[in-house]
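The following paragraphs lead through one model, helix by helix and then residue by residue. Please keep the coordinates open while reading.

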Amino acid sequence: MFEVLVDDNFHYMDESERYREGAFRTYEEALRCAMKIVERSLRNLLEPGSSVDDLMARYVMFGDDPFIRPTPDGEERFSARTYARQRAPEIVGESSK
């Protein structure tokens, strides 16, 4: 089983603010869940006229930071911040249409 746990960047290092999103049979299911959490957080933090840098600054300060336990052998650890950097330009682009 793989757990998706979520920290709150606003309460960095405060485990009392952590919540468990769910448990999944496969790492791939857990990964999809974690990615959706990041995308939802980015969309919730997006303000009209935001640049990618603006959005990332808000994400780093206030966004949801999911992680997966355990990381399977041979898999790279999921980084919510890295994924947010990948998705932020697309999300900002979608909002400007």
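This is a predicted model. Helix H3 covers residues 80-95, 16 residues in total, and its first and last C-alpha atoms are 21 Å apart, close to the 22 Å expected at 1.5 Å a residue. The helix bends by about 35° at arginine 87, and proline 89 follows within four residues. The buried residues of H3 are Ala80, Tyr83, Ala84, Arg87, Ala88, Ile91 and Val92. An α-helix has 3.6 residues a turn, so residues three or four places apart point the same way. The partners against which the buried residues of H3 pack are helix H1 (27-45), helix H2 (52-62) and strand S3 (64-69).

Helix H1 has 19 residues, which should span 27 Å at 1.5 Å a residue; the end C-alpha atoms of H1 are 27 Å apart, in agreement with this. Its buried residues are Tyr27, Ala30, Cys33, Ala34, Ile37, Val38, Glu39, Ser41, Leu42 and Leu45. They pack against S1, strand S2 (19-24), H2, S3 and H3.

How many salt bridges are there in the model? The count comes to seven. One of them joins arginine 87 and glutamate 39, with the closest N and O atoms 3.2 Å apart. Arginine 87 belongs to helix H3 and glutamate 39 to helix H1, so this pair ties together parts that are 48 residues apart in sequence. Arginine 87 counts as buried because its relative accessibility is 11%, and glutamate 39 counts as buried at 18%. Arginine 43 and glutamate 94 also meet in a salt bridge, at 3.0 Å from N to O. This pair links helix H1, which holds arginine 43, to helix H3, which holds glutamate 94, across 51 residues. Arginine 43 is partly exposed at 38% relative accessibility, and glutamate 94 is partly exposed with a relative accessible area of 38%.

Another salt bridge is formed by the side chains of arginine 18 and aspartate 7, at 2.6 Å from N to O. Arginine 18 is in the loop between S1 and S2 and aspartate 7 is in strand S1, so the pair ties together parts 11 residues apart in sequence. Arginine 18 counts as partly exposed at 25% relative accessibility. Asp7, Glu15 and Arg18 are linked in a network of salt bridges.

Aspartate 8 is also part of strand S1.

Serine 50 is in the loop between H1 and H2 and counts as buried at 11% relative accessibility. Its side chain makes a polar contact of 2.5 Å with the side chain of arginine 58, and a polar atom of the serine 50 side chain lies 2.7 Å from the backbone oxygen of glutamate 47. Leaving out residues up to four places away in sequence, serine 50 touches Arg58 and Val92.

Definitions and conventions
Residues are numbered from 1 along each chain as its sequence is written. This is a predicted model: local features need pLDDT of at least 70, side-chain atom pairs count only at pLDDT 80 or more; totals for chains, interfaces and linings use all residues. Side-chain values use heavy atoms; hydrogens and water are left out. Helices (H or I, at least four residues) and strands (E, at least two) are DSSP runs, numbered from the N terminus. The expected span of a helix is 1.5 Å times one less than its number of residues. The bend at a residue is the angle between axes fitted to the seven residues ending there and the seven starting there. Buried means under 20% relative accessible area, exposed over 50%, partly exposed in between (1.4 Å probe, protein chains only). Contact means heavy atoms within 4.5 Å. A polar contact is a pair of N or O atoms within 3.5 Å; within protein, one must be able to donate a hydrogen and the other to accept it, and residues adjacent in sequence count only if both atoms are side-chain atoms. A salt bridge is a side-chain nitrogen of Lys or Arg within 4 Å of a carboxyl oxygen of Asp or Glu.
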